[in-house]
Amino acid sequence: SIPLGYFAGVGALSKHGVLVKGGNYIEVLKNLNTIIFDKTGTLTEGVFEVVEIKTYNGISENELLEIAAYAEEHSNHPIAESIKKKYGKTFDKSLIEHYEEISGHGIKAKIKGKEILVGNKKLMEKFNVKIPEIKFNGTIVFVSINGIFAGYIGISDKIKPGVKEVIKKLKKLGVKKTVMLTGDNKKVAEEVAKEIGIDEYFAELLPGDKIKFFEKYKNGVSTAFVGDGINDAPVLTRADVGIAMGGLGSDAAIEAADVVIMDDDLSKLIDSIKISRKTLKITW
Ligand code: ADP
Ligand code: MG
């Protein structure tokens, strides 16, 4: 029998801007043990801003920014968007001879005859580019030209307002464990996790790693995954309840999710759990 109250729950949640793709997810929401969050775009705004450009080996800051912007021209990643925004000029696309987005790493491109890499430490290691130790409080995007480190772009993101309170309230509602997964570097991950009071975090993950960690945590207990990106879609599918951000979230994530928070406001998680618990168990 289908508890009739589930339909009421789905209806009530839709009025709160939470789309639930089936009454059975109301039951899962009632008794969540673990909630696993993606970081970028889920716990943080996912809107990056270039706040620092440093060059090495003689190139100017404007040149470095231009090269990076050209390399990122085809990418929709929030990092790419911030670099293109900072550059602010139109592109002569004929200068981009080759372009490749390497998942969880960054960009490999050929621009004006030069081999360009724009991405994280892992990308630099993959192509044996030597990089110095850099102290920057945020996401560091390394740039290399013809295999030589040319400088970095420092990018910052902001934690969504109210997230700390949401994590606190989830605990009060009986959620046992909160976890954060991210492809971003360990330092940024640690700071975000500390600031908002997440129990555990795992950083520098490739999209495939996110699935592995998820499988480990699922381990028989009722588990939600909350995410926004294309990379999150496989994990959203595997979760007992996959919850996506409907505003800035990618189509793939929204499609893969069981529950969609239409305005990306994480406090709707609290509403969702409360409403699912209030839902009367009238069966037919
Ligand atoms: P997340 O959404 O958790 O940041 P991603 O897999 O999208 O996970 O990205 C992981 C990391 O890979 C980023 O933090 C960044 O360091 C690097 N990266 C991915 N795409 C790009 C890109 N287009 N330009 C530069 N760096 C990138
Ligand atoms: Mg993300």
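An open sheet of seven strands runs in the order S1-S13-S12-S11-S2-S9-S10, with mixed pairing. Strands here are DSSP runs of E with at least two residues, helices are runs of H or I with at least four, and both are numbered from the N terminus. Two strands pair if DSSP finds at least two bridges between them. The edges of this sheet are strand S1 (18–20) and strand S10 (200–202), each pairing on one side only. Direction ignored, neighbouring strands are turned by 20 degrees against each other on average. Strand S2 (residues 34–38) pairs with strand S9 (residues 177–181) in the parallel sense, over five bridges. Within that pair, Ile-36 has Val-179 of S9 as its bridge partner.

The model is predicted: local features need pLDDT of at least 70, side-chain atom pairs count only at pLDDT 80 or more, and totals for chains, interfaces and linings use all residues. Residues are numbered from 1 along each chain as its sequence is written, while chains are lettered from A and ligands numbered from 1 in the order in which they are written.

Now the other sheet. Six strands form an open sheet in the order S3-S8-S7-S6-S5-S4, with antiparallel pairing. Strand S3 (49–55) and strand S4 (96–102) stand at its edges with a single partner strand each, so one side of each has no neighbour in the sheet. The twist averages 15 degrees from one strand to the next.

Walk across this sheet from S3. S3 and strand S8 (residues 148–156) are antiparallel and share six bridges. Glu-49 stands opposite Ser-156 in S8. Further on, S6 and S7 run antiparallel, joined by four bridges. Here Ile-116 has Ile-145 of S7 as its bridge partner. S5 and S6 are antiparallel too, over six bridges, and Lys-108 faces Leu-117 in S6. These two strands form a hairpin with two residues between them, and Lys-112 in the turn has a positive phi of about 50 degrees. His-98 stands opposite Lys-110 in S5. S4 and S5 also form a hairpin, with three residues between them and a positive phi of about 75 degrees at Gly-104 in the turn.

Two helix pairs come next. Helix H1 (residues 5–15) packs on helix H12 (residues 268–278) at about 150 degrees, axes 9 Å apart. Axes are lines fitted to C-alpha atoms, for helices over the stretch in contact, and angles run from 0 to 180 degrees between N-to-C directions. H1 and H12 are therefore roughly antiparallel (over 145 degrees). Helix H4 (residues 61–71) and H5 pack at about 130 degrees, their axes also 9 Å apart.

Finally, the ligand. Around ligand 1 are 24 residues, the closest being Thr-40, His-77, Gly-106, Asn-120 and Gly-183. A residue counts as near if its C-beta atom, placed from the backbone, lies within 6 Å. Helix H3 (39–43), helix H5 (78–87), strand S5 (106–111), strand S6 (114–119) and strand S7 (139–145) each give two or more residues to this shell. Domain 1 (5–45 + 159–278) and domain 2 (49–156) both contribute, so ligand 1 lies between them. The domain bounds come from an automatic or database domain assignment.

Terms used
Parallel < 35°, antiparallel > 145°, perpendicular 65-115°, else oblique.
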